[in-house]
Amino acid sequence: MKARVLSGIQPTGHLHIGNYLGALRNWVKIQHDYDSIFCIVDLHAITVYQDPAALKQQITQLAGLFIAAGIDPKSSTVIVQSSVAQHSELAWMLTCMTPLGWLERMTQYKSKTENQDTILSGLLQYPVLMAADILLYQANIVPVGDDQRQHIELARDIAQRFNSLYGETFTMPETRLPMVGARVMGLDDPTKKMSKSAAGTGHSIGLLDTPAEMKKKIMRATTDSNPAVDFETMGPGVVNLLNIFQAFTDWSDDQMKNHFSGLRYGDLKKAVLEAVVAGLEPIQKRYAEITADPAYLNGVLREGAERVRPIAEKTTRLVRERMGIYNID
Ligand code: TYM
C-alpha cells in the first residue's frame with residue numbers, strides 16, 4: 001500500500017508563486033508516488049471574514065489551478081474541505097483535548113492577531129482544524145512551505161497526546177519541504193514572506209498575472225546597493241530572486257554560481273522574468289481550458305469527496321469509540 005500524502009491551500013485571494021513553489025509544484029512532483037489527497041480548505045478561509053460570493057468563486061478557481069498546475073484528478077484526490085463533514089467533527093473532538101497554551105504559542109496566530117480589537121476564536125482553533133485535516137486521513141507526509149512547519153508540529157503533538165490518552169489511533173505525520181522555494185519572500189520587501197494578504201501591487205506574482213504585470217513587478221523588485229550579483233555579500237532581495245529562478249529552472253548550485261556571478265541586476269531580473277513566464281505560461285493555458293467547463297470541475301470535487309468519505313468515516317468512528325462517544329451500530 002502506498003503511503004498517504006495530504007496537503008491544503010486556502011481559497012483566499014490569488015495564488016502566488018510562493019504557494020506554487022512552496023506547495024503546489026511539490027505536490028505535482030510527488031503525487032504519483034503516494035496516495036495523494038489535496039484539499040481546498042474553505043473552513044480555514046472563514047477564520048477571516050470572506051465575501052460569500054467571492055469565496056465561492058475562489059474555491060472553484062483554486063480547483064482549476066490545482067489541475068492546471070498538474071494535479072492529476074484520476075490518480076490524486078482533490079476535495080473541498082467542507083464537503084467532507086468529518087473534518088469539522090474531528091476538529092471539535094481534538095479541540096477538547098488540546099491545551100489552550102499550545103494554540104496561543106503559534107506564531108501565525110500571534111502575528112495575525114496583532115493590533116486587532118476583536119480576535120475571532122476560529123483563528124485560535126485554526127491549527128486544530130488543520131491537525132484534523134491531516135489526522136482524519138492518517139496522512140504520512142504533509143508537503144508544505146516553511147511557514148506551515150509549526151502547525152504540523154502541533155498536529156504531531158495533538159496526535160501523540162491523543163494516542164497516549166486513548167490508545168494508538170493516529171499516524172504520525174511528517175513535514176515535507178521543497179529543496180528550493182520553501183520560503184519565497186515579497187518582491188517589494190524581501191524580509192517579509194510573500195503572502196496573499198499583503199498590501200502593495202509589487203509584492204507578489206500571481207499565477208494568473210499577465211507577463212506584462214510580472215515584468216513590472218520583477219523589474220522593480222528590491223535588490224541591494226551592489227551593482228551586480230556577488231554570492232558572498234548579496235542581500236535578501238537578490239537571494240530571493242536567485243531562489244525564484246532556481247526553483248523554476250531546477251538549475252544546480254554550480255550552474256547558478258557560474259551563470260550569475262558578476263551579472264548586473266537588470267540582467268538578473270530579465271532572467272528571472274523569463275523563467276517565471278516560461279514556468280507559468282503552460283499553467284495559464286490549461287487553466288483557461290479547464291475553467292471553460294465548470295461542470296468538469298464540479299465533477300472532480302464531487303468524486304473526490306465520495307472517494308475519501310469512507311476513510312474519514314472510519315477514522316471518526318474509531319475516535320468516537322476511543323473517546324466513548326456514541327456510535328450508531
Ligand atoms: P496557505 O493557504 O497559507 O498556503 C498554502 C501553501 O503555500 C505555502 N506558502 C508558501 N511557500 C513558500 N513561500 C511562501 N511565501 C509561501 N506562502 C505560502 C504554505 O506553506 C502552504 O503549504 N494552513 C494552511 C492550509 C492547510 C493545510 C492543511 C496544509 C489547511 N489544512 C493540512 C497542510 C495540511 C495554509 O493556510 O496554507
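By class, how many nonpolar, polar and charged residues does the lining of the second largest pocket have?

A: Happy to! The lining of the second largest pocket has four nonpolar, eight polar and three charged residues; here Ala, Val, Leu, Ile, Met, Phe, Trp, Tyr, Cys and Pro count as nonpolar, Asp, Glu, Lys and Arg as charged, and the others, Gly among them, as polar. This is a predicted model, in which local features need pLDDT of at least 70 and side-chain atom pairs pLDDT 80 or more, while totals for chains, interfaces and linings use all residues. Residues are numbered from 1 along each chain as its sequence is written, and side-chain values use heavy atoms, without hydrogens and water.

The second largest pocket has a volume of about 230 Å³, a volume being the space filled by probe spheres set on grid points joined across faces, edges and corners. Among its 15 lining residues, His 14, Ser 204, Gly 206, Asp 209 and Lys 217 lie nearest its centre. On a 1 Å grid over the protein atoms alone, a pocket is an open set of points with protein on both sides within 12 Å along at least five of seven lines, a cavity is a set where a 1.4 Å probe fits but cannot get out, and lining residues have an atom within 4 Å of a point.

The largest cavity, at about 60 Å³, is lined by Met 106, Gln 108, Tyr 109, Lys 112, Leu 123, Tyr 126, Pro 127 and His 151. Five of these are nonpolar, two polar and one charged. Helix H6 (107-113) and H7 each give at least two residues to this lining; helices (H or I, at least four residues) and strands (E, at least two) are DSSP runs, numbered from the N terminus.

The second largest cavity has a volume of about 40 Å³. Around it sit Pro 73, Ser 76, Thr 77, Val 78, Val 300, Glu 303, Gly 304 and Arg 307. Two or more residues of that lining come from E3 and from helix H13 (294-323), with H13 giving the largest share, four residues. By class, its lining has three nonpolar, three polar and two charged residues.

Lys 74 itself is in the loop between helix H3 (52-69) and strand E3 (77-80).
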